[in-house]
Amino acid sequence: MHGPTTAPGGLPPACDFTVFGGTGDLALRKLLPALYLRDREGQLPADTRIVGVSRSDHDQAAYREEVRAALLEHVDADRLDDAALDRMLARLHHVTLDVNGSEGWHELHGLLKDRARHEDTVRVFYLAVAPGLFGSICRRLDEIGAADANARVVVEKPVGHDLASAQAVNDAVGEVFEESQIFRIDHYLGKESVQNLLVTRFANTFLEPLWNSHWVDHVQITVAESLGVGDRGGYYDHAGALRDMVQNHLLQLLCLVAMEPPTYVGGETVRDEKLKVLQALKPMTPADVDRDTVRGRYDAGLVGGAAVASYADDLGHDQSDTETFVALKAEVHNWRWAGVPFYLRTGKRLDRRTSEIVVVFKEPPHAMFPHSEGGSTPNRLHIQVQPDEGMRLHLTAKEPGPGGIRLRPVSLDLSYATAFAQASPDAYERLLMDVIKGNPTLFMRRDEVEAAWAWVEPILTRWAASPDRPRRYPAGTTGPIAAATLLERDGRTWQESDS
Ligand code: NAP
């Protein structure tokens with residue numbers, strides 16, 4: 001298939017960006033603010049239209065008012081200006097249709113065809129609706145002739161809730177669109193610090209000789225949330241932390257840490273290397289699951305000094321065994337990483353909100369300062385994904401002063417906010433521009449998504465069969481005690497970001 005021509009820099013001359021679910025939380029809170037901010041910087045194709053699709057009956061003026069209110073709420077005040085707002089709002093259209101019905105598609109079709117040079121327009125279809133609707137949307141787009149070579153479809157998580165359902169979603173979308181037209185979004189991959197991990201690894205030489213089992217003791221990846229499930233309990237209870245966070249975000253971060261250098265960063269090469277990591281993950285037997293995974297569920301507690309309810313209270317009943325916390329030990333069985341544990345943990349209602357990767361290096365082979373005060377601590381490279389994106393390298397140094405040697409831990413700090421004048425864009429800003437430009441590198445390919453499900457599924461199966469229930473942890477803590485024990489029995493501890 002041949003897509004539309006693009007200008008240097010990959011920008012097409014015109015774009016129709018259609019959001020199915022254009023009045024939903026994701027669209028109003030993330031997607032439209034991201035498009036506004038890129039538009040404000042002059043980065044959208046000049047001839048861009050944004051079409052919101054939903055069942056609710058909005059005329060153009062009402063939709064523009066709803067989006068204006070959302071932008072005022074979700075964009076920082078210092079990045080709001082009247083000219084940019086007016087330009088963005090003028091791009092907006094709304095089409096009322098139920099994707100399960102046959103009404104309204106002609107209107108959408110007519111709008112999309114209403115272009116002077118139709119063949120030069122990139123058409124993005126962002127599916128910000130429940131995954132059960134993806135198949136019928138794609139079929140309808142095909143029927144109205146909108147799924148041609150100029151079209152790209154963006155698929156939000158969750159892609160399935162196990163391997164078979166992920167394959168069904170991929171089949172349904174794949175019946176209409178070629179794999180090269182499908183952009184499966186994992187917004188973690190759009191974060192500046194995550195992309196900087198690739199740059200740090202592959203645009204510098206000092207790390208590569210150390211980045212292996214000879215020098216790395218273990219790796220920790222934490223994605224902690226202080227929020228509970230709020231009013232999304234109904235959705236969350238069908239997913240749980242393993243499906244909601246580990247299968248996608250945490251495994252993607254693991255891949256970026258563990259992957260081999262690609263021949264260049266772009267196109268399919270990064271995805272090829274990530275896939276190899278997923279395929280090298282040691283499959284878990286039931287005994288491995290019992291030993292190497294911990295699931296938890298929050299009780300009432302204190303978060304930031306405020307009393308918060310238990311998961312059961314948030315959900316409205318106590319019949320659920322869904323986990324709101326997971327810690328596990330994974331192994332990448334290849335030459336570079338054999339014997340290096342990757343400890344992953346994620347949970348809701350924890351003591352703070354943080355996403356971080358810590359690469360812990362081995363102890364020096366020999367103690368060189370026998371009469372020193374204090375000890376050396378293992379070097380750690382700490383990559384802060386959110387909040388306050390940055391990187392810290394923990395070293396041992398001599399405390400200044402006479403009278404012997406005192407060893408003290410110190411760190412080299414790279415804070416994005418202070419090192420670079422401009423603020424980091426939101427992940428969606430980067431990713432939506434990549435869709436418009438047709439750059440797939442930061443999106444998940446079908447084989448990656450399915451390999452991740454194939455690894456996660458034995459854990460889900462064992463948990464479902466096990467008489468054990470998720471362990472309780474008080475809200476506002478670091479999770480169940482068993483998560484600490486998982487590392488302690490290997491002689492290690494979780495590295496908290498302020499330690
Ligand atoms: P939401 O707030 O419930 O919004 C759903 C949107 O879809 C609304 O605009 C709704 O409008 C529209 N819609 C629902 N059924 C429709 C139908 N049959 N035909 C046409 N439009 C329909 O949901 P959301 O939070 O935005 O999430 C959307 C999807 O993205 C979900 O699959 C979610 O899991 C995923 N996601 C969300 C987030 C997030 O931060 N919110 C993050 C990652 C992934 P009408 O009711 O007027 O039709």
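Ala, Val, Leu, Ile, Met, Phe, Trp, Tyr, Cys and Pro are classed here as nonpolar, Asp, Glu, Lys and Arg as charged, and the others, Gly among them, as polar. By this scheme, the shell around the ligand consists of eight nonpolar, seven polar and five charged residues. The structure is a predicted model, in which local features need pLDDT of at least 70 and side-chain atom pairs count only at pLDDT 80 or more, whereas totals for chains, interfaces and linings use all residues. Residues are numbered from 1 along each chain as its sequence is written.

The ligand is surrounded by 20 residues, the closest being Gly21, Gly24, Ser54, Arg55 and Ser56. A residue is taken as near a molecule or strand if its C-beta atom, placed from the backbone, lies within 6 Å of it. Helix α1 (residues 25–40) gives the most to this shell, with three residues. Helices (H or I, at least four residues) and strands (E, at least two) are DSSP runs, numbered from the N terminus.

An open sheet is formed by six strands in the order β3-β2-β1-β4-β5-β6, with parallel pairing. Two strands are considered paired if DSSP finds at least two bridges between them. Strand β1 (residues 14–20) pairs with β2 in the parallel sense over seven bridges, and Asp16 stands opposite Arg49 in β2. Strand β2 (residues 47–54) is mostly covered, with seven of its eight residues buried. The term buried applies if 20 or more other C-beta atoms lie within 10 Å of the residue's own, exposed if 12 or fewer do, and partly exposed in between, with C-beta atoms placed from the backbone. Strand β5 (residues 151–155) runs parallel to β6 and is joined to β6 by three bridges; the bridge partner of Val153 in β6 is Ile182.

The UniProt annotation "binding site", from an unreviewed entry, covers His187, Lys191, Glu225, Asp244 and Lys348. UniProt positions are given in the numbering used here, feature names are shortened, and annotations may be inferred rather than shown by experiment. His187 is found in the loop between β6 and α7 (192–202), and Lys191 is also placed in the loop between β6 and α7. His187 is partly exposed because 19 other C-beta atoms lie within 10 Å, whereas Lys191 counts as buried, with 22 C-beta neighbours inside 10 Å. Two residues are in contact if their C-beta atoms, placed from the backbone, lie within 7 Å. Not counting residues up to four places away in sequence, His187 touches Ala427, Tyr428 and Leu431. With such residues again left out, up to four places away, Lys191 touches Val385, Gln386, Glu389 and Ala427.

The feature "active site" is placed by UniProt (unreviewed entry) at His249, which lies in helix α9 (residues 241–258). His249 counts as buried because it has 22 C-beta neighbours inside 10 Å. Its contacts, leaving aside neighbours within four places in sequence, are with Asp186, Tyr188 and Val223. In α7, Glu192, Ser193, Val194 and Leu197 are buried. The cover of the buried residues of α7 includes α9, β14 (380–386), β15 (390–398) and α13 (416–419).

Some backbone features lie in loops. The peptide bond from Lys157 to Pro158 is cis, with omega near 0°, and Pro158 is found in the loop between β5 and α6 (163–174). The bond from Gln386 to Pro387 is likewise a cis peptide bond, with omega near -15°; Pro387 is in the loop between β14 and β15. Asp388 also lies in the loop between β14 and β15, and its phi is near 55°, a positive value in a residue other than glycine. Asp388 is partly exposed, with 13 other C-beta atoms within 10 Å. A positive phi near 55° also occurs at Arg349, a residue other than glycine, in the loop between β12 (341–347) and β13 (354–361). Arg349 is buried because 30 other C-beta atoms lie within 10 Å.
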